[in-house]
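Let's walk through this structure together, one region at a time. Keep the sequence and the 3D view side by side as you read.

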Amino acid sequence: VIEIGQPEHSVVTTCAYCGVGCAFKAEMRGEEVVRMVPYKDGKANRGHSCVKGRFAWGYTNHKERILKPMIRERIQDPWREVSWDEAFSFAAAKMRGIQKKYGRDAIGGITSSRCTNEETYLVQKLIRAGFGNNNVDTCARVCHSPTGYGLATTFGTSAGTQDFDSVEDTDVVVIIGANPASAHPVFASRLKKRLRQGAKLIVIDPRRTEMVDSPHVKALHLPLMPGTNVAVMTALAHVIVTEGLVNEAFVRERCDWSEFEEWAAFVARPNNSPEATAIHTGVDPKALREAARLYATGGNGAIYYGLGVTEHSQGSTTVIAIANLAMATGNIGRPGVGVNPLRGQNNVQGSCDMGSFPHELPGYRHIAGDAVREQFEAMWDVKLNPEPGLRIPNMFDAAIEGTFMGLYVQGEDILQSDPNTTHVVAALSAMECVIVHDLFLNETANYAHVFLPGSSFLEKDGTFTNAERRIQRVRKVMSPKNGMADWEVTIALAKAMGFEMNYSHPSEIMDEIAALTPTFAGVSYAKLDELGSVQWPCNDKAPEGTPVMHIDGFVRGKGKFVVTEYVATDERTGPRFPLLLTTGRILSQYNVGAQTRRTENVVWHAEDRLEIHPHDAEQRGVRDGDWVRLTSRAGETTLRAEITDRVSPGVVYTTFHHPDTQANVITTDYSDWATNCPEYKVTAVQISPSNGP
Ligand code: SF4
């Protein structure tokens, strides 16, 4: 970090990386950040931070940042710098032209979980009210969409049940498909503190993560084969039901009893026992039985999970299975328990809350609901289309079929982050207008006709909502280097397309959100300034917010048990592809690295490596540090090998922070049955020695 002198003033804002939502004091000298200091009164971080929030903000000043709008007629043409006005006119003419030629539904847009609630709200408003269709989706499609589906189905709300403070009352921590030590480090520190105080830890993960290896913590690790989460969850339920460990009083009072009985009869079948399922899961039945007993009888049990749960063809089923377990044991509705999705991006929760899904208006209300739609129609002064729009993968399919021709992408590199890169390239190449609104010329921009420069979190006002539903202020600490904050860009694009949106400050956008969204009814910038943050629902019933949900009853009324049949993924190993690849992150880097690689944090990460068990490495003549070719049915990439027993025989693992790795070149087309979330966490692969890329 380059120190540029003593700070003159400071501004409290929120980290723009992970879903923990750490508050920072940006210490400023004029318009330059001197340093980012973790804010002691931050409710999510209490003065702590990790190396991303603390050091990885320099991308704002990076020389590769694009600050001027650019346009081009064809993607083969060179970019031409233009004024903002010319860029908006060009983009609007293209998008309106597409609608005239192909119909109203031939365009759409994608919101970003990196942007603020207010910016996300505006993009979906532009699409629903300005484009006249519901072709809006979010990058949460590829991470936590199964959380939305699974928790809405069982509990009635698409969000985690607890605040982070709740962990202090937890006796048994269950972590499934997540590595908070790398991906949610500040919350991981609180978890570890509670574990050092004596709470027990169960980790369900194909890899021996840093949480399993934490000093002074004895973890019960269930190293399952990738793709078998549902079988393991059902086997845990089998033990709880067949050994009489169900909290019957809770279930009778709070849940639908007949649905419970149907579920209990299903999980009790002999083929769902730990012994019978071990053949697929690879999990030691004794350890699994011990874990089930510990969770059901060890006191307050809290489940935390991540993308290792959601990014599967049965992602939604696993979320439902987790909710079933929590209800069966009465581990819901008080501090210390609950079901807690650990959100990867800073505003995944918020982007989903703000109506980014093609079937839902803000607050998770279905677009087909006449009463809700009429409320929005009155406020926006338009007639809304009641038909749900296209999800991201459907947009790509429609583009290849020639019926979807224009896309506005805010703050996401879909070419790198979505599965099956070849298919995405074909879809983008087929479109007549792709508008990329971002900080850098990302991979998607290679297929764009309009580039609108984005603004960083330091350059705008707004709010983010973290993994515990906590709404926090993002405060502008410097003027946008590109001249316009992202919310202003969306308003100007809408105006050029003939749809006026009039706001002079993001606080007015939040006021509109509050007026239209019952769970946000009590939220305002004045309240956020006064209280520091609030957790939704925040309304007349809970004016200061709701740290723990479902205390007196589930949002949907009775908790719903759902039978969760295990269906093996279609991605199978075989003689050509005998190993299963799964993926994760390291502490210093973030997702595809577009931001962290352009900061001081680059010193901690030179390359992604492929972890291989010694047995598999020896069979293939691979030594530690060797280059290996990683091949799947979809494609191939080259990485260096790291030989380790962190992974089991038959499983390999890599991170995906470096663009050269191109992990999504080898991932499959399979996706969650309910939400189309891609199955990133299971790919059948083969490894062979290589001379390097
Ligand atoms: Fe906190 Fe996450 Fe930012 Fe790290 S990346 S400082 S844990 S919000």
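A residue is called buried when its relative accessible area is under 20%, and exposed when that value is over 50%. Keep in mind that the model you are looking at is predicted. Setting aside neighbours within four places in sequence, Ala129 is in contact with Trp380, Val382, Leu384 and Phe499. Phe55, by contrast, is 74 residues from Ala129 in sequence and 40 Å from it in space, C-alpha to C-alpha.

Now turn to the nonpolar cores. The largest one has 65 residues, and Tyr121 and Ile435 have the most contacts inside it. Helix H2 (residues 84–102) gives this core its largest share, eight residues. Which residues does Tyr121 touch, not counting those up to four places away in sequence? They are Met354, Pro362, Trp380, Tyr503, Ile509, Glu512, Ile513 and Leu516. Apart from this core lies another, of 49 residues, with Phe250, Val251, Val283 and Val339 among them.

Finally, have a look at the sheet. Strands in a sheet pair through backbone hydrogen bonds, in either a parallel or an antiparallel way. Here three strands form an open sheet in the order S1-S2-S3, with antiparallel pairing. Strand S1 (9–14) and strand S3 (32–38) each have a single partner strand, so one side of each is left without a neighbour in the sheet. On average, neighbouring strands of this sheet are turned by 30° against each other, direction ignored. Six bridges join S1 to strand S2 (residues 23–29), and Ser10 has Glu27 as its bridge partner in S2.

Methods: Residues are numbered from 1 along each chain as its sequence is written. This is a predicted model: local features need pLDDT of at least 70, side-chain atom pairs count only at pLDDT 80 or more; totals for chains, interfaces and linings use all residues. Side-chain values use heavy atoms; hydrogens and water are left out. Two strands pair if DSSP finds at least two bridges between them. Helices (H or I, at least four residues) and strands (E, at least two) are DSSP runs, numbered from the N terminus. Axes are lines fitted to C-alpha atoms, for helices over the stretch in contact, and angles run from 0 to 180 degrees between N-to-C directions. A nonpolar core is a set of buried Ala, Val, Leu, Ile, Met, Phe, Trp, Tyr and Cys residues joined through side-chain atoms within 4.5 Å. Buried means under 20% relative accessible area, exposed over 50%, partly exposed in between (1.4 Å probe, protein chains only). Contact means heavy atoms within 4.5 Å.
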